[in-house]
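Student: I would like to learn how to read a few features of a structure. Please take them one at a time.

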Amino acid sequence: VSWVLAQTSTIADYRDLLLEGFWRTVQLTALSFVFAMAIGLVVASLRVSPVAPLRAAGTVYVETLRNIPLLLILLFIVFAVPKLGALIDYFPAAVLGFSLYTGAFVAEAIRSGINAVGVGQAEAARSIGLTFPQNLRLVILPQALRNVVAPLANVLIALTKNTSLASAISVVELTSAMAQVIERTGQAFEALIVTSLLYMAITIPVGLVAGVVERRVRIVR
Amino acid sequence: VLTGALLLGLVACGDDDDDGAGATTAPAGATTTAASGGATTTAASGGATTSAASGAAMPTCDDAPAGGELERLCNATSVKVGVKYDQPLFGLLNPTNQEVEGFDVEIAKLVASALGKTEDQIEFVETVSRVREDVIVNGQVDYVVATYTINDTRKEKVDFAGPYYVAGQDIMVAADNTDITGKDSLAGKTVCTATGSTPETRLREETEAEVVTFDTYSECAEALRDGRVEAVSTDNVILLGLIQESDAEFKLVGEPFSEEPYGIGLKKGADDFRTFVNDVLEASYADGSWAEAFQATVGQVAEETPEPPSVDRY
């Protein structure tokens, strides 16, 4: 990263600003992904539940959150929620918005993994007397999650890039920092290149690590 | 400004025409000899108190030199003028009667009238910020009055008469706010502006304010209404538009802390026409028609009528 910044001298004057934005983007991504995983596990469990109202609740969540533009979700949290009486600061608002939105995609990825686990597994678990929650936790999810490393990596990469929308609600992350650099230097071309490289510095390792993890946890049949 | 925002986007980031404050030509060395200083009204008193000391008479087509741009416009059956259609108080299309209204439009009419044109002989053309130089260079309009900041980059392609108004970055607060009185009282306050704009840079570099940024100024106004921020800061022209839409919920405080001189753009090298327009402006300063135009438009919202700026005959 430092090497890249050093190559473009005018932009280098603003390396602190860009690096600050970079770390903000990393924080946004990491926090949101942790919460999105938690939301996704719960919602995916709801969607395969034998109880109809729970299944319906899971479906409503996924279809609502993944069908609204992310920018609208963020603006809703910042401008509409205060009208209902809850003022949330910008960074937590961004994390909340990204977590809720990404949670829907995580849920769908996990659900596809659950569906890929053979029916015989669930039937066998039931036959030895496991309840549905036990069945899910001990038998199905451990196998399902191994199947969905690649789709989850896709979700994480999409999330990383989506965090650029936080610039619209006053979080000075990488894209917002870049906008400031362009305004001050007029060097749009260089700033865009450097910023793109900084995003790739997050997303490419994610893809590589996901590949390694996928091979390690694969169930060899 | 990178991200074109949706939602609430009535007044989008208007900085495209007001950027490059550092490159502006301040009217400091203006060689104005006619009285422009004492010839103005300072309050919204309606009746313009004209100064008798002024020697600036409204020019006419009678002394137009042969063969120049001025003579062509004097003999033409109509003039085409580029104005904004979306800038409240300066150039805004009234949807009920399809007429453009605002201070820029009034200034354009003063020039057209001196060219001997009736209101029916003025053809207004919507001119967004990005195309202003092009429509002048290509001859699609005869002059442009469109919140058009005079700067050196633009002077390479077109010439400017004026300035007829000096805009600048200002501060807007809730009408009942008393602790923010100007730029120096912003320390520690939350101040909203547009992401990646010149006003954002100025706030970060020149004040101790806690800067909050959204994509559009309408969102800043919404944040001010919600109490999420204590002030909004950008060009006063944009702020005045927001105040007009807000039903007196907001007010301007302090003095502008940057200078954006608005000029009348015209064909490069048309010096006879440029001199003519400058004469028209100075005469309008002297006979009160400038102040009258201001009060009828921007004056609806601005509390006082400023001194007209000195014309820069570069």
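Tutor: Helices and strands come from DSSP runs (helices are H or I of at least four residues, strands are E of at least two), numbered from the N terminus. In this predicted model, local features need pLDDT of at least 70 and side-chain atom pairs count only at pLDDT 80 or more, while totals for chains, interfaces and linings use all residues; side-chain values use heavy atoms, with hydrogens and water left out. Residues are numbered from 1 along each chain as its sequence is written, with chains lettered from A and ligands numbered from 1 in the order in which they are written.

Student: In which strand does B:Asn94 lie?

Tutor: B:Asn94 lies in strand S3 of chain B, residues 91–94.

Student: Is B:Asn94 buried or exposed?

Tutor: Buried means under 20% relative accessible area, exposed over 50%, and partly exposed in between, with a 1.4 Å probe and protein chains only. B:Asn94 has a relative accessible area of 17%, so B:Asn94 is buried.

Student: Which residues does B:Asn94 touch?

Tutor: A contact means heavy atoms within 4.5 Å. Leaving aside residues up to four places away in sequence, B:Asn94 touches B:Glu99 and B:Glu101.

Student: Which residues of helix H9 of chain B are buried?

Tutor: They are B:Ser289, B:Trp290, B:Ala291, B:Ala293, B:Phe294 and B:Gln295. That is six of the eight residues of H9(B), residues 289–296, and the helix is mostly covered. The cover includes helix H2 (103–114), strand S7 (158–167) and helix H8 (271–287) of chain B.

Student: How are two packed helices described?

Tutor: They are described by the angle between their axes and the distance between the axes. Axes are lines fitted to C-alpha atoms, for helices over the stretch in contact, and angles run from 0 to 180 degrees between N-to-C directions. In chain A, the axes of helix H3 (residues 15–47) and helix H4 (residues 52–65) come within 7 Å and cross at roughly 130°. That makes H3(A) oblique to H4(A); angles under 35 degrees count as roughly parallel, over 145 as roughly antiparallel, 65 to 115 as roughly perpendicular and the rest as oblique.

Student: Which residues of H3(A) and H4(A) make the contact?

Tutor: H3(A) contributes A:Ile39, A:Val43, A:Leu46 and A:Arg47, and H4(A) contributes residues including A:Leu54, A:Gly58 and A:Tyr61.

Student: What is the mean pLDDT of chain B?

Tutor: pLDDT is the predictor's confidence in each residue, from 0 to 100. The mean for chain B is 83, and 82% of its residues reach 70 or more. Over residues 1–54 of chain B, pLDDT stays under 50.
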